[in-house]
Amino acid sequence: MLRIDCLRSVYSELENCLVVTIMGAVAAELHSLGHRPNFFYLQHAMGLASSTGLGLALCLPEQRVIVFDGDGSVLMNLGGLSTMARYRPKKLVHIVFDNESLLSVGGFPTATSTGTDLEGIARASGIPRVATVRSVENFKAAVTDAMHGNELTTIIAKVEAKGPAAYVTDLSLLENRFQFRRHIQSLKRS
Amino acid sequence: MPVSLTNSRLIFDALKECDIRLVSALPETWLVHLIRLADEDREMILVRLAKEEEGVGISAGAHFAGLKSAMLMQNHGFLASINGIVSFAHLYRIPLLMLVSYRGSLGERDPWQTQGGNISEAILRALAIPYFCLDAPETVKKRIRQAQTLAESSLQPVALLLTRDLMWEE
C-alpha cells in the first residue's frame, strides 16, 4: 500500500475538514494532490502535528479535524497519545502512516520495524477507537467511517517506505500558516 | 504548602483579563493553585500535558482557531520544549505566552532544581525570547497584559519567569 494512494482515496473527503500533516513525504504528497487553504503542513517540530490537531479540536469542537501523522513523529511524542485520549475530542481523526522508516532523512528503520505496535500503544493510551489497515480499500473505509463517527479515532495505515522525488513545495511555510488561520477565521464568520 | 494562593489568583485573574481561554499545564509545586483555578473555571480550557513541548502544538492550534492561550510550566519544562519553540513557534511565527516557574534561583532548597536555575535566563537570551521576571504582586497584572500584547503583535514566544518572591510565602 502506498501513502499517496491512501491520500488520493480520501482527498475529496477533506474539503470541509481542518487538516494538519507532518513534514516530509506526507506533506509533499498531500500538497501534490492539490493544496487547499484548510491544509496546514507542519514542516518540522516532529511529534507536534497531533498536539496541534488536539488544540484545534478542543477550541473548535464542532469542526472535523484530521491529522496525518507518521510512525517517526508519533514515536517522538508518545505522551501526546495519552493527552489526546485524556480529552478525546469527538471530531478528531488521527491517521498514522507507518512505513517503519524515517524515510525523508535516508530511510533509517524505526522501532515499528522491530515490533513496536502503534495500534497497541494507542489503544493502551486510551484512544477509544483504534484500527490498523493494510489496503487502500480498508484505509478509505476506516477513514470515512471515522469521519462520520463521533469518537476520537486513531488509524494506523501500514504503507511502503516510498516517497516523492522531492520534499520542498512551492508553498512558503508562513504563507501556509497565515492562509490556514485566515481560512478558519472565515469559517467562524460564515 | 506555602505556595501563594493570593498571588496565584492574581496571576490567574490577569490571564482572564487578557481573554486567555486555554491554558496548557504540566503540574509542579509552584503552579498547583494556578492549575486548580484554571480547572475550576468553566470558561477556561485546561489541557494537562504529558510533556511541556506538547503545549507548543496546543497553543498553535488555539492560535489558528482564534483563541488566546497561555502555557504554565516549570523552567525545566521550558528546557524540554525548546525544539518545539524553535521549529514551530519561531519557524511559523506563533505567539506563545509562557509562564515559567523560576526554580533553582536564589533561595532554592531542592538540589535537583539548581542547574536549571543557573541557565534559564541564558537560554531565553540565546533563543532571543523576550522575558521578564515577575516578582512584585503590584506589577503582575500590567506585565501579563504587556507580555500578551507583545506575543500577539510580534507573533513570537514571550516568557514571564515566576519568581520565588512571587510564588512562595515563607
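What is the volume of the largest cavity? In this predicted model, the largest cavity has a volume of about 80 Å³. The search of the whole structure returns one cavity of 30 Å³ or more.

Four elements of chain B each supply at least two residues of the lining: helix 3 (54-65), strand 3 (68-74), strand 4 (96-101) and helix 7 (137-154). Sorted by class, the lining of the largest cavity holds six nonpolar, four polar and two charged residues.

From the cavity, the reader may turn to the pockets. Among the elements, helix 4 of chain A gives the most, with three residues. Nine residues of the lining of the largest pocket are nonpolar, seven are polar and two are charged.

The second largest pocket holds about 180 Å³ of space. Of its 13 lining residues, Gln43(A), Tyr167(A), Val168(A), Thr169(A) and Leu173(A) lie nearest its centre. Here the lining has seven nonpolar and six polar residues, and no charged residues.

The next topic is the meeting of the two chains. How many residues of chain A are in contact with chain B? There are 31 residues of chain A in contact with 29 residues of chain B. The size of an interface is often expressed as the accessible area lost when the parts come together. Between chain A and chain B, the buried area is about 2,400 Å², and carbon and sulfur atoms give 67% of that area. On the side of chain A, the residues that lose the most area to chain B are Leu48(A), Cys59(A) and Arg177(A), which together account for 23% of what that side buries.

Polar contacts also occur across this interface: twelve residue pairs, with both residues at pLDDT 80 or more, are found between chain A and chain B. The number of salt bridges between the two chains, by contrast, is zero. Strand 2 (39-41), helix 3 (48-59), helix 5 (78-87) and helix 8 (173-189) of chain A each give two or more residues to the side that touches chain B. Helix 8 of chain A gives the most to that side, with nine residues. By class, the side of chain A that touches chain B comprises 16 nonpolar, eleven polar and four charged residues.

Salt bridges are found elsewhere in the model. Over all chains, the search of the whole structure finds 16 salt bridges. One of the pairs with this kind of link is Lys16(B) and Glu43(B), whose closest N and O atoms are 2.6 Å apart. This pair links distant parts of the chain, since the two residues are 27 residues apart. Lys16(B) belongs to helix 1 (residues 5-17) of chain B, whereas Glu43(B) lies in the loop between helix 2 (32-40) and strand 2 (45-48) of chain B.

Note on methods
Residues are numbered from 1 along each chain as its sequence is written. Chains are lettered from A and ligands numbered from 1 in the order in which they are written. This is a predicted model: local features need pLDDT of at least 70, side-chain atom pairs count only at pLDDT 80 or more; totals for chains, interfaces and linings use all residues. Side-chain values use heavy atoms; hydrogens and water are left out. Contact means heavy atoms within 4.5 Å. Buried area is the accessible area (1.4 Å probe) that two parts lose on being put together, summed over both. A salt bridge is a side-chain nitrogen of Lys or Arg within 4 Å of a carboxyl oxygen of Asp or Glu. A polar contact is a pair of N or O atoms within 3.5 Å; within protein, one must be able to donate a hydrogen and the other to accept it, and residues adjacent in sequence count only if both atoms are side-chain atoms. Ala, Val, Leu, Ile, Met, Phe, Trp, Tyr, Cys and Pro count as nonpolar, Asp, Glu, Lys and Arg as charged, and the others, Gly among them, as polar. On a 1 Å grid over the protein atoms alone, a cavity is a set of points where a 1.4 Å probe fits but cannot get out, and a pocket is an open set with protein on both sides within 12 Å along at least five of seven lines; lining residues have an atom within 4 Å of a point. Grid points are joined across faces, edges and corners, and a volume is the space filled by probe spheres set on the points.
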